[in-house]
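Subject: Handover of a two-chain model

Dear colleague,

Please find the structure below, followed by an account of what was found in it.

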Amino acid sequence: MTLSGSHIHRASINLSAIRDNAAVLVRRAGSRVVVADLRADAYGHGVTAVTAAAVDGGVFVRDIDFTASTGRDAEFISAGEALYGLCADRELRPAMRVSALVVGTKTIDAGESVSYGYTWTAPSRTNLALVGIGYAEGLDRIASNVGSLRLGGAPRRIVGRVAMNALVLDLGQDSALIGDEAVVFGDPSGEDPAVWDWASSLRRPSAEIVSVFGSHLPRVYR
Amino acid sequence: MNTPTATIDLAAYRRNLARLAERVAPAALMAVVKADAYGHGAVPVARAAVAAGVTWLGVLDIETGLELRQNGIPRDVALFTWLLGPNEDYTAAIDAELDFGVSTLGQLDAIARASVAGRARVHLKIDTGLHRNGASIEQWPALVAQALALSDRIELVGIWTHIAEASDDDDTVAIKRFRSALAIAERLGANVTVRHLAASAAAFGRADARFDLVRIGAFSFGISPGGGVTPSSLLLEPVMTLTAPVIAVRDGLATVGIGYGDGVPSSAAGVQVSLEGVRHRVVSVQLDQLTVDTGEAIVRTGETAILFGDGTDGEPTVQEWADKLGTIGEELVTRLSPRIHRRFLE
Ligand SMILES: Cc1ncc(COP(=O)(O)O)c(C=O)c1O
């Protein structure tokens with residue numbers, strides 16, 4: 001998939017993180033051979049791009065020449081979650097960042113409700129941001145009224161049900177502009193939330209989160 | 001079949017559309033094909049809808065609208081977009097004769113600026129309580145007035161809203177608000193021919209929600225709202241059957257080659273799948289496979305497991321999965337990876 005002209009949502013993939021993670025895993029493996037786990041389209045990161053980055057970092061990929069190039073007696077270890085940076089480990093970096101843009105803003109009064117089924121009602125007058133990402137892009141519906149996205153320097157709670165292609169964030173007295181970016185997760189060494197926190201708040205494996213987002217969102221490589 | 005496959009029964013889809021069109025008449029029916037036709041495949045589904053006589057398609061975004069035009073959806077079929085980002089290429093969209101669901105003055109002006117050669121088709125959206133997009137009642141007169149002032153570049157085709165379906169009473173309130181917004185627009189001089197409010201449930205259930213056009217997604221794919229309402233109770237047929245091969249059998253457990261990396265929720269332990277007409281329980285879901293407890297049954301590698309289908313061979317429906325997982329069928333079908341093979345039955 002290519003990035004749509006409208007840039008409403010994206011999974012941005014940091015290939016240097018994959019290369020660096022690969023190098024860390026190779027160093028830690030000593031004499032053992034590290035093999036990239038490329039299932040599920042490289043956990044949603046895109047198998048072609050990931051293969052090149054992982055090989056760059058010294059990791060092996062299973063292909064026809066595999067046994068010849070690694071030697072018959074080698075001991076193998078598979079690199080999956082660690083390669084994509086899905087575990088909290090000071091030496092590893094998450095490769096995927098998921099974000100979407102604010103496509104609408106609105107202020108509602110106390111007592112007014114939001115989204116299907118009116119499952120959330122504003123306790124007081126508040127500002128809302130409509131963000132262009134939903135369960136069809138992989139943002140689980142169980143995040144309704146539970147999960148948060150980072151927007152304008154703070155975590156903002158999803159209020160009301162996550163819809164197929166949109167969700168609403170509660171900003172309280174703060175405000176946002178159309179075009180502002182809301183981040184689901186990214187690199188927690190900066191300001192972004194961590195994928196493992198997002199995953200555990202939904203009781204899902206991080207590998208599932210990135211695989212599902214990565215298969216539905218336009219991917220951008222950096 | 002030795003690979004995970006979503007089989008899409010386009011004949012069932014056309015039958016659903018025919019039943020729904022009959023039910024909502026004299027209102028017209030928009031077939032909603034956003035999100036890759038709810039995971040069913042936007043281009044083949046759109047073509048099937050057009051073959052069934054549908055003249056409105058709900059595409060959500062400009063990208064999908066352009067894709068459908070490039071794939072031969074004729075220009076006398078209106079393609080309705082309403083998720084409009086801050087950086088849209090309206091020139092291409094107007095060239096492709098897409099319809100725009102507009103909520104703000106900013107969107108209206110961006111469309112008018114791009115509309116040099118002809119008139120862009122616009123439907124103004126009023127917020128009647130859902131509080132996603134749509135103009136508030138305070139913003140509404142200015143939005144309508146601006147659309148009318150730009151009438152050399154903008155054709156005001158429709159006025160619309162989207163409702164919460166929280167309860168019948170809440171929907172009644174939304175319908176009232178919609179009527180007031182229509183009245184305000186009329187007083188300002190608007191003369192729209194296409195008023196639309198209802199999606200599947202309200203279109204099916206309420207004559208007073210239908211107006212001139214209804215926008216139907218879920219029901220056209222045979223996905224019912226759950227909570228005891230089955231597709232068959234609505235005389236609708238599930239369109240998608242999801243299958244995957246048995247890739248290993250051992251100690252009363254079968255391994256089926258589809259997993260959470262393909263979009264089957266990792267929380268699906270406990271749901272059932274069907275093998276040779278017999279249901280078995282899913283024990284666990286991994287990245288690219290599921291483990292199924294087959295007990296004493298004789299199961300062979302290479303057999304095809306049905307995860308969900310139309311239920312006629314005893315297999316679960318997507319509704320059963322959704323009820324069990326505490327979600328809705330729409331999430332299960334849209335979650336499936338685009339890498340899963342789609343097989344279309346005419
Ligand atoms: C504006 C709008 N209209 C219609 C629909 C179709 O809804 P349903 O699938 O319930 O028919 C949707 C989908 O959520 C929508 O966003």
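In chain A, 71% of the contacts with a separation of 6 or more are between residues 24 or more positions apart, a contact being heavy atoms within 4.5 Å. Of the 222 residues in chain A, 57% are buried; here buried means under 20% relative accessible area, exposed over 50% and partly exposed in between, with a 1.4 Å probe and protein chains only. Chain A has six helices and 12 strands, taken as DSSP runs (H or I of at least four residues for helices, E of at least two for strands) and numbered from the N terminus. Along the principal axes, the C-alpha atoms of chain A fill a box of roughly 70 × 30 × 25 Å.

Please note that this is a predicted model, in which local features need pLDDT of at least 70 and side-chain atom pairs count only at pLDDT 80 or more, while totals for chains, interfaces and linings use all residues. Residues are numbered from 1 along each chain as its sequence is written, chains are lettered from A and ligands numbered from 1 in the order in which they are written, and side-chain values use heavy atoms, with hydrogens and water left out.

The interface

Chain A contributes 39 residues to the contact and chain B contributes 44 residues. Between them the two chains bury about 3600 Å², 58% of it on carbon and sulfur atoms; buried area is the accessible area (1.4 Å probe) that two parts lose on being put together, summed over both. There are 19 residue pairs in polar contact across the interface, both residues being at pLDDT 80 or more. A polar contact is a pair of N or O atoms within 3.5 Å; within protein, one must be able to donate a hydrogen and the other to accept it, and residues adjacent in sequence count only if both atoms are side-chain atoms. On the side of chain A that touches chain B, at least two residues each come from α2 (39-43), β4 (96-108), β5 (113-114), β7 (126-131) and α6 (206-216) of chain A. The largest share of that side, six residues, is supplied by α6(A).

Four salt bridges are counted between chain A and chain B, the criterion being a side-chain nitrogen of Lys or Arg within 4 Å of a carboxyl oxygen of Asp or Glu. One of them joins Asp288(B) to Arg39(A), at 3.0 Å from N to O.

Salt bridges within the chains

Over all chains, the search of the whole structure gives 29 salt bridges. In chain A, Arg93(A) pairs with Asp20(A), with the closest N and O atoms 2.7 Å apart. This pair links distant parts of the chain, 73 residues apart: Arg93(A) is in the loop between β3 (76-79) and β4, and Asp20(A) is in helix α1 (residues 15-29). Arg93(A) is partly exposed at 28% relative accessible area, and Asp20(A) is partly exposed at 32%.

Glu91(A) forms a salt bridge with Arg27(A), the closest N and O atoms being 2.8 Å apart. Glu91(A) lies in the loop between β3 and β4 of chain A and Arg27(A) in helix α1, so this pair ties together parts that are 64 residues apart in sequence. Glu91(A) is partly exposed at 39%, whereas Arg27(A) is exposed at 53%. Both residues belong to a network of salt bridges that links Arg27(A), Arg28(A), Asp89(A) and Glu91(A).

Aromatic rings

The whole structure holds 11 aromatic pairs over all chains. Rings of Phe, Tyr and Trp (its six-membered ring) pair if their centres lie within 6.5 Å; planes under 30 degrees apart count as stacked, over 60 as edge-to-face and the rest as tilted. Trp82(B) and Trp160(B) form an edge-to-face pair, 6.2 Å centre to centre with 70° between the planes. Trp82(B) is in the loop between β4 (78-81) and α5 (90-95) of chain B and Trp160(B) in strand β7 (residues 154-160) of chain B, so the pair ties together parts that are 78 residues apart in sequence. Trp82(B) is buried at 14% relative accessible area, and Trp160(B) is buried at 2%. Ring pairs also link Tyr13(B), Tyr38(B) and Phe221(B) into a cluster.

With kind regards
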